[in-house]
Structure formats: structure tokens, C-alpha cells
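Visitor: I'm new to this one, could you walk me through it?
Guide: Gladly; here it is to look at while we talk.

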Amino acid sequence: MDPLDVPKNRILDISFNQEQDCFAVSTESGFHIFEANPPQELFSRDLGGGIGATAMLFRSNILALVGGGDHPKYSDNKLILWNNLLSQSIAELTFKSAIKSIKLRKEKLVVVLELRIYIYQMPDLNLVDVIETSANPQGACAITHSGNMIIVCPDKKKGGIKMVNYNNVANAECRAHESGIGAIAISKDGKLCATASDKGTIIRVYATEGLVLLQELRRGTEKAEIQTIAFDEESQWLACTSDRGTIHIFSLADSYNCLLYTSPSPRDRQKSRMPSSACKKKKKKKQ
């Protein structure tokens, strides 16, 4: 099977696992799990209804599922812990509002609603913490996948973000944007985090400890919904996707914040293009 051809289904969501060596494709009838490199399908499940989100726990048999699509398998306020080896649900959590996103690490499950974030201990699902946020319709939230448990999420104030380190009991807050938070990412080592507002024009990169602003990256001047932000493994590059059908890739390491800009528009189908306005040399600070 061509890994990019999911038959008879509308794709509802695509997400990588924690190591980014596998990814899950949620569809109108179930889910498919793929190896990332080389791309090949590992297994799939036809559940007879739509799955709006599938979160993998590394390469284990445990998945977190939420219903979605035109004919959802489960309601959008119910989380299903799925054991793929047994091909059955092993636990359920039901909330008062729709689930916006799910984050997993070996010992924690994070469920993001529009106004609250619930953190559970795995595997017994005891509630560990509840974080109140400002309106968060995109489910913006990021966690570290190993080492110290760090979460970066919207604060209760519009445009604000907060960082909670559960191992060191260290918290920080800052005003990241004037408008609401649209997307958040955290680097693999947990040292950097990035945010985009719901306007989608500026991405800001922070040192996670203390939320110290390090860089501002301009995606564009027109409003866009940032769907994903991601660091590479060594935090040298940062990529974002938007509802404009574009991918921007920023260099974080060089003195030039150059971005690679790709677009599916007719004039760009043959090659990627890099607008001259997208590559600006940083001004040297006065000594």
C-alpha cells in the first residue's frame, strides 16, 4: 500500500509519536499507523466510525483515541485508551466539553480542553493536576517526552503562556502575544519552546526556563491558522504549517533567520521558493 494513499477515507488528523519515527493517520473509519523512514504501513484498524485524533505512546501497543468526522466512533468529549495488541478499549475518560488535543508520555496522560488541561498518572489514570487556561480552541499545549515533566500551555490571561516543571516545582509565566495562543511546541531536550498566536504572523522562541524571549520569526503578514510547530531533534531548525497550505522552515542556529517556504499554489508547484523578505540578517548589538 502506498503510505500516502489511505483508501476510502477522509484524513482527519496526522500526528507523530514521541520519537518521530512513526506517525498515526486518523480517518473517517479508524486509524492507520506508519513507519516514518522508510514510509510503510505497520497496521490499521477499521473501527466503523471516525477517529478525530490518535496519540501514540512511543512504539507501544497503547494509543489514545478521540472520535471525530462526519460519523464519529466515539463522542468528542470521550477519550479511549486503546490496546492495539488486544484490539480493544482498556480505559475511558469522559469530560464535560470536547477534547481539543492529547499528549502522552510513559507516566503521564495530558488531555486538553478549551478552558482546562487535565493531567493523569499512567497507567492508573489518577488525576495529578488541573490547569485553567484562556480560550484554547486549537488545543495548544506541549510537553517533554522524557526527563523532567515540563508542560507549556496558555495561561488564564489572553496571549499569555505558562511553564510548569513538575520535577523541580518551577513555574514561569509571560505575555507571549497580544491575541490568543494558536500553537505551542517544545524542543526534545526541553530547553526551548515556541509559540504562535491565533493570527499566525509571528512565532516567538523562548528559553523554557524562565520563559526568556530569544527570537522572533515572521511567518508572514497575512493572518493564518498555524496548525503545527515543531523543532528538529537538535533544535537547529523550526518548522510550521498553516491553513494556507504552506510550510515554513526557520534556521535557529545561524545569524540569518532564513526560511524555506513551500506552497502548493500553481506558480510554486515545480519548486520551493524563498521570498527575499523572508531572509533578514540580524543586526549586531552595540557593544
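Guide: What follows is a conversation about confidence, strands, turns and rings.

Visitor: What should I know before I start?
Guide: This is a predicted model, in which local features need a pLDDT of at least 70 and side-chain atom pairs count only at pLDDT 80 or more, while totals for chains, interfaces and linings use all residues. Residues are numbered from 1 along each chain as its sequence is written, and side-chain values use heavy atoms, with hydrogens and water left out.

Visitor: What pLDDT does the chain average?
Guide: The average is 87, and 85% of the residues score at least 70; pLDDT is the predictor's confidence in each residue, on a scale from 0 to 100.

Visitor: Where is confidence lowest, and where is it highest?
Guide: Confidence is lowest in strand 24 (residues 259-262), with a mean of 54, and highest in strand 11, at 98. Over residues 265-287 the pLDDT is below 50, and this stretch has 27 contacts in the model beyond near neighbours in sequence, a contact being heavy atoms within 4.5 Å. Where pLDDT is low, the predicted coordinates should not be read in detail.

Visitor: You mention strand numbers; what do they stand for?
Guide: Strands here are DSSP runs of E with at least two residues, and helices are runs of H or I with at least four, numbered from the N terminus.

Visitor: Which strands form the open sheet, and in what order?
Guide: Four strands form it in the order 17-18-19-20, with antiparallel pairing; two strands pair if DSSP finds at least two bridges between them. Strand 17 (181-186) and strand 20 (212-218) stand at the edges with a single partner strand each, so one side of each is left without a neighbour in the sheet.

Visitor: How many bridges join strand 17 to strand 18?
Guide: Five bridges join strand 17 to strand 18 (residues 192-197), and the two run antiparallel. I186 stands opposite C193 in strand 18.

Visitor: Switching topic, what does strand 22 pair with?
Guide: Strand 22 pairs with strand 21 in the antiparallel sense over five bridges, and A230 stands opposite A239 in strand 22. Strand 22 also pairs with strand 23 (residues 247-251), again antiparallel and over five bridges, where L238 stands opposite F250 in strand 23.

Visitor: Which residues are on the covered face of strand 22, and which on the uncovered one?
Guide: The covered face holds L238, C240 and S242, while W237, A239 and T241 make up the uncovered face.

Visitor: And the turns next to strand 22?
Guide: The hairpin of strand 21 and strand 22 has five residues between the strands, and S235 there takes a positive phi near 60 degrees, although S235 is not a glycine. S235 is buried, with a relative accessible area of 12%; buried means under 20%, exposed over 50%, and partly exposed in between, using a 1.4 Å probe and protein chains only. The hairpin of strand 22 and strand 23 has four residues between them, and G245 in the turn has a positive phi of about 75 degrees.

Visitor: Why point out a positive phi?
Guide: Most residues other than glycine have a negative phi, and most peptide bonds are trans. F58 is another residue other than glycine with a positive phi, near 50 degrees, and F58 lies in the loop between strand 5 and strand 6 (62-67).

Visitor: Is F58 buried or exposed?
Guide: F58 is buried, with a relative accessible area of 16%. The charged end of K106 sits over the ring of F58, 5.1 Å from its centre; this label needs NZ of Lys or CZ of Arg within 6 Å of the ring centre and within 35 degrees of the ring normal.

Visitor: Which peptide bonds are cis?
Guide: Among them are the bond from N37 to P38, with omega near 0 degrees, and the bond from M122 to P123, with omega near 5 degrees. P38 is in the loop between strand 3 (30-35) and strand 4 (40-46), whereas P123 lies in the loop between strand 11 (116-121) and strand 12 (127-132).

Visitor: Last one, how many aromatic pairs are there?
Guide: A search of the whole structure finds five; rings of Phe, Tyr and Trp (its six-membered ring) pair if their centres lie within 6.5 Å, and planes under 30 degrees apart count as stacked, over 60 as edge-to-face and the rest as tilted. F95 and Y118 form a tilted pair, 5.3 Å centre to centre with 45 degrees between the planes, and both F95 and Y118 are buried.
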